[in-house]
Amino acid sequence: MSVIGIPKETAPGETRVAMVPGHLAMLVRDKHTVLVEKGAGEGASFSDEAYTKAGATIVDGSAGIYAKAEVIFKVQPPREMVGGKLEADLIREKGMYIGFFPPLTEKKVVDSFLRRKITSFSMEYVPRITRAQSMDALSSMATVAGYKAVLIATEHLGKMFPLLMTAAGTVPPANVMVLGAGVAGLQAIATAKRLGARVEAYDVRAAVKEQVKSLGAGFIEVPFEEAAEAAGGYAKEQSAEFIRKQREVLGEHLSKTHVLITTAQVFGKKAPVVFTGEMIAQMPRGAVIVDLAAEQGGNCELTEAGKVVEKDGVTVVGAVNLPATIPTDASMLYAKNLLNLFKHLYPKADATPDYEDEVTKGACITRDGRVVHEAVRNSLQ
Ligand code: NAD
């Protein structure tokens, strides 16, 4: 039995919460004690009363949570707070952290976890294998982002998505191109199709062609032989020559593209810049680009993370943290992923985690004052 703490997220603009009342009941049934910071679920429309009803204890302020909780559930990685204090340092010594946490870019957090022997699990590192699908928060959040990207495009576009035949004339459908047909891209394709747009997509992994087609979208072929797939189903970084060919082929489609949604990423690397300013200038006036890779540098040369910029009549949205703009459902999905990981670690309340298990091993970053994740350890050296 553990004391689990759910502090309110402190990152600017973060509205999600790591556990929702509906899923929390399962932890209480397993005899865990759950402490929730007052107002933690407010941004996602979950009231303190709902948490209390589900069996949690509401604590005023995060200090009381961090002082008592053995396990902390979070959405955003621990941050540096005003005055330089580290949120990571608040977690109890020898405690446990479960949440998003990219260890390669959060060195101060890693140091704090090592110094204070915290066992940390990163939601980004949950292996993307079939057995761990129910714990895959990257996929859940990408689904939300892919959906929202289309809605953002509709807001900026001066056209409607569907074909409309009206007494006042025929409105042709919008043409949408999606770059990258991973989890976010496939959801963007499905959402744009539901709204009636004409959709085409491209991905370096040939395996997704069938998935794109099954959603009723066209697949753009780039005739160039290069291995595209790395371990775990992720894409490999492509050569400069390949990107040149890709630009040439995709560029031919841009003069008719009203909406471009870009999602191309290479795990652990900067996102590939596929669309140059010159290419974007070929798009029709009023066209909209929503770049979901903005936080990793963006797939378009003009993208500025967190900003909406306009150039040559094209609006470029550097989308960041879209799941926080749909906080109720994003929190429900995230909380379920986290709960499933926790239940995997502790199938019974009094169990101890099996650190040799593939999923546990893949997601565990630090333990007993050591970086136990081999790939992370090698990269940090
Ligand atoms: P991602 O966010 O890392 O990348 C998005 C997409 O961009 C990928 O489909 C990738 O192939 C594509 N891409 C990369 N470089 C590109 C380029 N230059 N041009 C065009 N496209 C480019 O990926 P993701 O959506 O998180 O997941 C990718 C894949 O990982 C999945 O489709 C699947 O095969 C695998 N996966 C497996 C599981 C599972 O089994 N549990 C879960 C999720 C994902």
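Reply: Buried here means under 20% relative accessible area, exposed over 50%, and partly exposed in between (1.4 Å probe, protein chains only). Helix H6 is mostly covered by this criterion, with nine of its 12 residues buried. Helices (H or I, at least four residues) and strands (E, at least two) are DSSP runs numbered from the N terminus.

The model is predicted: local features need pLDDT of at least 70, side-chain atom pairs count only at pLDDT 80 or more, and totals for chains, interfaces and linings use all residues. Residues are numbered from 1 along each chain as its sequence is written, and side-chain values use heavy atoms, with hydrogens and water left out.

H6 comprises residues 183-194. Its end C-alpha atoms are 17 Å apart, which agrees with the 16 Å that its 12 residues should span at 1.5 Å a residue; the expected span is 1.5 Å times one less than the number of residues. The buried residues are Ala 184, Gly 185, Leu 186, Gln 187, Ala 188, Ile 189, Ala 190, Thr 191 and Ala 192. Their cover, in terms of contact (heavy atoms within 4.5 Å), includes helix H5, strand E9 (175-179), strand E10 (198-202), helix H7 (209-214) and strand E12 (259-262). After H6 comes Gly 196, whose phi is positive, near 95°.

H5 (residues 137-156), one of the elements covering H6, has 20 residues and reaches 29 Å from its first C-alpha to its last, close to the expected 28 Å. At the start of H5, a side-chain oxygen of Asp 136 comes within 3.3 Å of the backbone nitrogen of Leu 138. That is a polar contact, a pair of N or O atoms within 3.5 Å; within protein, one must be able to donate a hydrogen and the other to accept it, and residues adjacent in sequence count only if both atoms are side-chain atoms.

Val 183, within the range of H6, is also among the closest of the 23 residues around the ligand, with Arg 128, Asp 203, Arg 205 and Gln 246; a residue is near a molecule if one of its heavy atoms lies within 4 Å of it. A polar side-chain atom of Arg 128 lies 2.7 Å from an oxygen atom of the ligand, and an N or O atom in the side chain of Asp 203 is 2.6 Å from a ligand oxygen. The protein buries 86% of the 840 Å² that the ligand exposes when taken alone, with areas from the Shrake-Rupley method and a 1.4 Å probe.
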